[in-house]
Structure formats: structure tokens, C-alpha cells
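Student: Could you walk me through this chain? I would like to ask about it piece by piece.

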Amino acid sequence: MQVKHNAQNRENFVHQITTKPELLSLIGLILMCVAMTFISSHFLTLSNLTNVARQISINAIIASGMTMVILTGGIDLSVGAIVCISGTLSAGAMIYGIPVSLSIGIGLAVGMVAGIINGVFISYAKMPAFIVTLAMMEIPRGSALLYTGGYPLGGLPKEFAIIGRGSVLGIQTPILIMFAVYAVTYIVLNHLPVGRYIYAIGGNEEATRLSGIRVKKYKLFVYIFSGITSAISGIVLCSRLMSGQPNSGSGFELDAIAAVILGGTSISGGKGHIWGTLIGAMILGVLNNGLNLLGVSPYAQKVLKGMIILFAVYISATRQNSKLE
């Protein structure tokens, strides 16, 4: 009887892992943190954990928008370039004497416009998301380089630093911004009709269209949302560095995609959870920090990160195929 009960518990656990892959990601994160604690005595220090949390916030904010895009079965390779152009244009506006709040608004507007461009070409012109966002990966970055001449934009107002370096009640501002973004994303995906439509589009776009839902409109929405979250990260990063860096955001798109997939969101769309993405971002942050503490070469870290992305996509595809059989 006890053996049967134990077998049933194991089956329930496996079922939970299968239906809620973010639980597996959470277990992996916990095990990784435990391992890092034994490997490096510096991992659990307050200064190191603070640094890890600050680094995680940048990628996690981008990944929240990427989650919506991937849930519809799309992809957004332009997020790193939007981080770059939003930060540099906000910095440039402040240098020209425009108030900080308005300069931030300019950066957010730039991200929204980039998202609109992506969404219009993908949803209404019916161009492949990969091609459109690949092109938009170059256009904003090239524009940032032209605008700055390839040089950082420094001399920003001191009050701007509170966004990337400040704290409220002992909690760093970037972390508070990250949780605010995730709260909004959670509400959109789980408590508003648009969230149900996003999941439906990823599950079966044609069936969703035939049911009368305006698929183009909601696909446009997810790319706009992704552009805005990328712009938020760009402004936070600009404030943290206190300069507009025309080379910032390079490779951020891969980190964001990795966070989403590691968090259990299906690469083919339709299934996933926003809090899983946050866990995925934490896994990447802890991994990067641990490798740095161990003195692993940055080149080797790129190889390892690529292998992790490949493995995560393989697991996602295998899980999807097993449900189809």
C-alpha cells in the first residue's frame, strides 16, 4: 500500500513538472544557488547578491516583453538594439537641457515606435518575424552610432541616477522597476482578455482568427509591449552607467530568449508563465555571476550559454512533440 502511495506521489510530481515546467526551473535555480554557495565563499555576500539582482533586472525586464512575443509564436531580435537607441536618445535629450522626466518619455516613445514598426510589418505586411526583427536589430543600433558618432554621451543630470543606482526602503530601484513590470505583465496575461487572446494565437493562430478575434491587432500589441519593456531596460541601463552607450545592449536578445525558454515557455508559443521567465532570468544571472567568481573566461561563458539555450529549446521541442504524439 505504501509502495503504491509513493508511486502515485511520483506520478503526481512528474505530472506537475510536465504541466508546469517553471517548477523544474525553480528547482534548478535552487540547486544552482546551493552549488554556488559551496563553490565560492563570495556568492552569499550582500554586495555580490546585490550586484546579481541588479544585473538580473535588466535582462528580466526585456524578457517580460519577449515572453508575450514568444507566447504568440513570434520572436523579437531587435530588443538589444532598442535598449541601445532608447538609452542614447534619452541621454542626448538630457544633454540638450530637456527635463529628465520628458527625456525618459522620449526614450519610451522610441521603444514604442520601434515596436509599432515591428508589429506592422509582421502582423499587417505578413513578413516573417525573424527577418523583420533581424533588420530592426541593425537599424536602431546604426542610428544610435550615427547620432553619437560612436562616442558615449556623458554628463547626465545627477537626479537621473536614482533610476539605475538609487534605492527605496533599502531595495534598489531597478529591482522595484522589474517587479512593477512583471506585475503589469502578469495582470495583462492572466486577468485581461488580451492575455487569453495572446495564448490562443500561440496555440492555434488560424483557429483564433476564424473565431473572430482580431489577431493582427493583438500581435501588434505584443511587439509594442516588447519595444516598451526594452526601452525601460535601456533607460535603467543608461542611468546605471550614467551615460548613453551606443554599443549597449549587444547580445541582450539572446539572454532574453534564453530566460523565456529556461522559464518553461514553449518556443512554438501558446504555453508559458511570466513568473517562469523571471526564474529563467535568475538562472542566467546566477550562472553568469558564478562563472565570473570562478574566473571562467568570457569566451567560454558564451559557449556555455549557447549550449544552455540549445538544450532548453531541445527540451521545449521534445515536450511539445510528445504531446502531439
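This is a predicted model: local features need pLDDT of at least 70, side-chain atom pairs count only at pLDDT 80 or more; totals for chains, interfaces and linings use all residues.

Student: How many helices and strands does the chain have?

Tutor: Both kinds of element are DSSP runs numbered from the N terminus: helices are H or I with at least four residues, and strands are E with at least two. Counted like that, the chain has 14 helices and 2 strands.

Student: What radius of gyration does the chain have?

Tutor: This value is taken over C-alpha atoms, and the globule rule is 2.2 Å times the number of residues to the power 0.38. For 325 residues, the rule puts a compact globule near 20 Å. The chain agrees with that, because its own radius of gyration is 20 Å.

Student: What percentage of the residues in the chain is buried?

Tutor: Here buried means under 20% relative accessible area, exposed means over 50%, and partly exposed is in between, with a 1.4 Å probe and protein chains only. Of the 325 residues in the chain, the buried share is 48%.

Student: Which element gives the most to the lining of the largest pocket?

Tutor: On a 1 Å grid over the protein atoms alone, a pocket is an open set of points with protein on both sides within 12 Å along at least five of seven lines; a cavity is a set where a 1.4 Å probe fits but cannot get out, and lining residues have an atom within 4 Å of a point. The largest pocket has a volume of about 800 Å³, the space filled by probe spheres set on points joined across faces, edges and corners. Its lining has 23 residues, with S250, F252, D255, N288 and K305 nearest the centre, and the elements giving two or more are α3 (46-71), α11, α12 (252-262), α13 (274-293) and α14 (298-324). With 6 residues, the element that gives the most is α14.

Student: And the largest cavity: how many charged residues are in its lining?

Tutor: That cavity has a volume of about 40 Å³, and its lining includes V83, L237 and Q245. Ala, Val, Leu, Ile, Met, Phe, Trp, Tyr, Cys and Pro count as nonpolar, Asp, Glu, Lys and Arg as charged, and the others, Gly among them, as polar. By these classes the lining has 4 nonpolar and 6 polar residues, and the number of charged ones is none.

Student: Which residue's side chain forms a polar contact with the side chain of S226?

Tutor: S226 is found in helix α11 and is buried, with a relative accessible area of 0%. Contact means heavy atoms within 4.5 Å, and S226 touches G65, M66, V69, D76 and V79, leaving out residues up to four places away in sequence. A polar contact is a pair of N or O atoms within 3.5 Å; within protein, one must be able to donate a hydrogen and the other to accept it, and residues adjacent in sequence count only if both atoms are side-chain atoms. At 2.9 Å, the side-chain partner of S226 is D76.

Student: Which residue's backbone oxygen lies 2.8 Å from a polar atom of the S233 side chain?

Tutor: S233 also has its place in helix α11, and at 0% relative accessibility it counts as buried. Setting aside neighbours within four places in sequence, S233 is in contact with I58, I61, I62 and V83. The backbone oxygen at 2.8 Å belongs to I58.

Student: Is L169 buried or exposed?

Tutor: L169 is found in the loop between β1 (167-168) and β2 (171-172). Its phi is near 55 degrees, a positive value in a residue other than glycine. Because its relative accessible area is 86%, L169 is exposed.

Student: Is M242 buried or exposed?

Tutor: M242 lies in the loop between α11 and α12, and its phi is near 55 degrees, a positive value in a residue other than glycine. Because its relative accessibility is 15%, M242 counts as buried.

Technical notes: Residues are numbered from 1 along each chain as its sequence is written. Side-chain values use heavy atoms; hydrogens and water are left out.
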